[in-house]
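Thanks for coming. Please keep the structure open while I talk.

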Amino acid sequence: MKDKISRNVKGIEISGIRRFSNKVSKYPKVISLTLGQPDFNVPSKAKEAMIRAINENKTTYTSNQGLLSLREEISNYLKRLGINYSKEEVCITVGGSEGLFASFAGIINEGDKVLIPAIAYPAYESCTKILGGTVINYKLNVDFSLDIDYLEKLIKKEKPKALVLSYPCNPTGSILSLENRDKLFELIKENDILVITDEIYSSIYYKDTYYSIAQCEDIRDKIILVNGFSKIFSMTGLRIGYFCATGEIFKNLMKVHQYNVSCAPSISQYAALEGLKSCMEDVEHMKNEFQKRRDYVYNRLNSMGLDVIKPEGAFYIFPNISKYNISSEEFCDRLLDKYRVAMVPGSAFGEGGEGYIRISYSYSTLELKKALDELEKFINEN
């Protein structure tokens, strides 16, 4: 009886983000800034396309790979970001999460080493461990940028199978610079290593030019790109994403996808298709609102005396609270208990996250003001 559960599964914990959100649900009248759920509705044209698909009985299986028309639009969208994948190199998945798991499952063998940022979305480590891989964390610079020299030494020492990147980043909001992209390109080109790049926040980018390792044509055979529509069109519950890869990697990731889900939900695919065709003005509007909220939250945290890096992407900010000499979990627990404000402990994002808290500014400005007013009271008492 004791061996009925997989040892690999037993060895992982529920996501710290969800665990803290579950704790929050037990408190009345909490102002919660915990989840990455945009407070915008799905664009109306995308909703209409989904309703139309239902009314036209487009509710059967699609191909395993997904609607050809959607894959064509994804290819066009990525080209505008300087990323070149054909429609045959795109697979539609059940959210970015399934895209990530298929990517890990398609390449990891028992004991394979995977380099994961010391501050990162927790699914990367959990996916690796479920599959029997070995997690090796790599540290970041104090501004959350890549430390290329350190990464190079770690690759030469550990000889890992894969490297995980996440830009724009959850939880730090950091982005990939041109300089680091080019240095990273040389590093990957010179070493026998694969890259999984999670770019689910590619549409929420506050600089003029978007940089991605997937833009580097000479290493296309080493790259797996994961993206999706949860953030770009605020359709988190419709569960629609995609991965892109080439050659043998793509062929084998497709096997995982096929036997896991057969295909992504048809009606969600039609919503995403219409989104890419007709709703990019909505996306620009959302991004501009997020940028205003980013500026407001950043300025408020600065005025409170918190040490904080200004994020350049996504809708999270990651202030340092280590000067208060309590753990991030205790900091968030006290804030929740006394002031009914919920933020996520940095420890939920890996070994490098301790000493920080994550604030999601995907909420309305009114909610942000209320929460930050209470945070300021809490800070002034400590």
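The second largest pocket holds about 270 Å³ of space. This is a predicted model, so local features need pLDDT of at least 70 and side-chain atom pairs count only at pLDDT 80 or more, while totals for chains, interfaces and linings use all residues. Residues are numbered from 1 along each chain as its sequence is written, and side-chain values use heavy atoms, with hydrogens and water left out.

Some terms, before going on. The search runs on a 1 Å grid over the protein atoms alone: a pocket is an open set of points with protein on both sides within 12 Å along at least five of seven lines, a cavity is a set of points where a 1.4 Å probe fits but cannot get out, and lining residues have an atom within 4 Å of a point. Points are joined across faces, edges and corners, and the volume is the space filled by probe spheres set on them.

Back to that pocket. Its lining has 14 residues, and L81, S202, S203, E284 and K287 lie nearest the centre. The element that gives the most is α11, with four residues. Helices (H or I, at least four residues) and strands (E, at least two) are DSSP runs, numbered from the N terminus. By class, the lining splits into six nonpolar, three polar and five charged residues. Here Ala, Val, Leu, Ile, Met, Phe, Trp, Tyr, Cys and Pro count as nonpolar, Asp, Glu, Lys and Arg as charged, and the others, Gly among them, as polar.

Now the largest pocket, with about 980 Å³ of space. It is lined by 46 residues, and those closest to its centre are S15, I17, Y121, P122 and A123. At least two lining residues come from each of α2 (16–24), α5 (95–107), β3 (113–117) and α6 (123–130). The classes here are 20 nonpolar, 15 polar and eleven charged.

How many cavities of 30 Å³ or more are there in the whole structure? The search finds three. The largest cavity contains about 70 Å³ of space. Among the residues lining it are P117, I119, Y138, F144, Y167 and C169. Its lining has eight nonpolar residues, two polar and no charged.

Next, helix α3, residues 44–55. At 1.5 Å a residue, its twelve residues should span 16 Å, and its end C-alpha atoms are 16 Å apart, so the two agree. The expected span is 1.5 Å times one less than the number of residues.

Which residues of α3 are buried? They are A46, A49, M50 and A53. These cover an arc of only 95° around the axis, so they sit on the same side of α3. The arc is taken from the directions from the helix axis to the C-beta atoms. On the other side of α3, I51 and N55 are exposed. Buried means under 20% relative accessible area, exposed over 50%, and partly exposed in between (1.4 Å probe, protein chains only). The cover over the buried residues of α3 includes α10 (266–278). After α3 comes N57, with a positive phi near 60°.

A162 is in strand β5 (residues 162–166). At 1% relative accessibility, A162 counts as buried. V114 is 48 residues away along the chain, yet the C-alpha atoms of A162 and V114 are separated by 4.9 Å. Leaving aside neighbours within four places in sequence, A162 is in contact (heavy atoms within 4.5 Å) with I107, K113, V114, L115, I193 and L194.

Last, the backbone. Most residues other than glycine have a negative phi, and most peptide bonds are trans. A cis peptide bond joins Y167 and P168, with omega about -10°. Another cis bond joins N170 and P171, with omega about 25°. P168 is in the loop between β5 and α8 (178–190), and P171 is in the loop between β5 and α8 too.

K29 is not a glycine, but has a positive phi of about 50°. K29 lies in the loop between α2 and β1 (31–32), and at 81% relative accessibility counts as exposed. S262 is not a glycine either, and its phi is positive, about 70°. S262 lies in the loop between α9 (247–261) and α10. With a relative accessible area of 29%, S262 is partly exposed.
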